[in-house]
Amino acid sequence: MNALVKLKTIAPSIYQIVRTYALKSDLKIKWVRPEKIPCYKPEKSGDLQALPKIAGNELLKDYRESKELETADENVRNLFTLQHNRRREMVENFKEDMVRRVYRHELDYGSMEAKLGLMTARIRSLQEYMEKFPRQSVVKVQLKELIDKRKRFLRYLRRWDYRRFEYILEKLDLVYKPYPTHFHWITRKDSLRKLTNIHCDQIKETRLEEYRKQLESQQLEFLEKKLKALEFVRQEQKECHVPVTVTSEQIKAVRKQYEELKERRAAMADSLKEPEES
């Protein structure tokens with residue numbers, strides 16, 4: 001019974017234990033976890049251009065050279081435009097446009113450039129689809145695989161033919177984002193350590209800048225005292241008939257530096273007065 005009474009008296013003090021090894025810092029540093037960007041987003045994939053809007057009166061690919069549609073009724077002609085057909089037709093038209101940007105000849109659909117153009121068109125169409133339907137897991141997997149495949153193709157070009165690599169990026173509006181060499185988890189402790197180092201560097205820079213300005217403000221007075229001291233030392237050495245250690249060239253150099261700094265300060269003061277008067 002006495003043991004139970006002792007436990008009851010000890011129990012409240014157990015819950016009042018406070019950690020003393022992880023106190024809050026006095027620095028005004030706040031860490032916010034960075035927002036996670038999905039892999040299929042253009043920010044991660046490197047696509048600078050989105051899928052263009054559906055062309056209004058542009059005919060389908062197979063009916064562009066049709067002479068009958070040139071003289072056909074407007075309602076009949078609208079049935080063969082991209083606007084009044086499936087989205088798939090618009091994507092096919094965009095694929096052809098992307099291939100035409102980088103192809104080697106008119107029948108080229110198997111070169112590295114043409115494959116990258118087709119993949120880019122497909123990626124951008126799936127990205128637009130994922131914006132509307134973000135829960136489509138199957139499309140998300142397909143999109144991620146396409147982005148990784150295109151990145152492997154670009155890495156190969158970057159290694160073996162850098163001119164073609166730059167040409168592809170310019171024509172297809174892409175940014176190559178390689179895989180990180182070292183992976184590390186984003187943790188609060190490491191991020192706070194990095195932010196603290198940045199904060200300390202900023203404090204050092206501000207204090208050094210203040211000290212520099214303070215020294216610059218005293219530079220004119222220092223040069224004046226130095227000039228007088230050199231002249232006095234030279235004169236005393238001559239009167240005492242001892243070897244002269246202060247040369248006239250040193251005095252001239254200090255006087256020249258003093259005059260230039262004085263003129264510069266006067267010009268700065270005049271330039272500051274002009275805006276106030278106006």
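The model is predicted, so local features need pLDDT of at least 70 and side-chain atom pairs count only at pLDDT 80 or more, while totals for chains, interfaces and linings use all residues. Residues are numbered from 1 along each chain as its sequence is written, and side-chain values use heavy atoms, with hydrogens and water left out.

**The α5/α6 pair**

- Helices α5 (residues 112–132) and α6 (residues 137–160) have axes that come within 10 Å and cross at roughly 150°; helices here are DSSP runs (H or I, at least four residues), numbered from the N terminus.
- Axes are lines fitted to C-alpha atoms over the stretch in contact, with angles from 0 to 180 degrees between N-to-C directions.
- That makes α5 and α6 roughly antiparallel (angles over 145 degrees).
- Their crossing is left-handed, meaning the near helix is turned anticlockwise from the far one by less than a right angle.
- On the α5 side, the contact residues include Leu116, Met119, Ile123 and Leu126, and on the α6 side they include Leu143, Leu146, Arg150 and Phe153 (contact is heavy atoms within 4.5 Å).
- The contact residues split into 15 nonpolar, three polar and five charged.

**Positive phi**

- Most residues other than glycine have a negative phi.
- Asp173 has a positive phi of about 55°; you'll find Asp173 in the loop between α7 (162–172) and α8 (188–239).
- Asp173 is partly exposed at 27% relative accessible area (between the 20% and 50% cut-offs, 1.4 Å probe, protein chains only).
- His241 also has a positive phi, near 60°, and its place is the loop between α8 and α9 (248–277).
- His241 is exposed, at 73% (over 50%).

Notes
Helices (H or I, at least four residues) and strands (E, at least two) are DSSP runs, numbered from the N terminus. Angles under 35 degrees count as roughly parallel, over 145 as roughly antiparallel, 65 to 115 as roughly perpendicular and the rest as oblique. Ala, Val, Leu, Ile, Met, Phe, Trp, Tyr, Cys and Pro count as nonpolar, Asp, Glu, Lys and Arg as charged, and the others, Gly among them, as polar.
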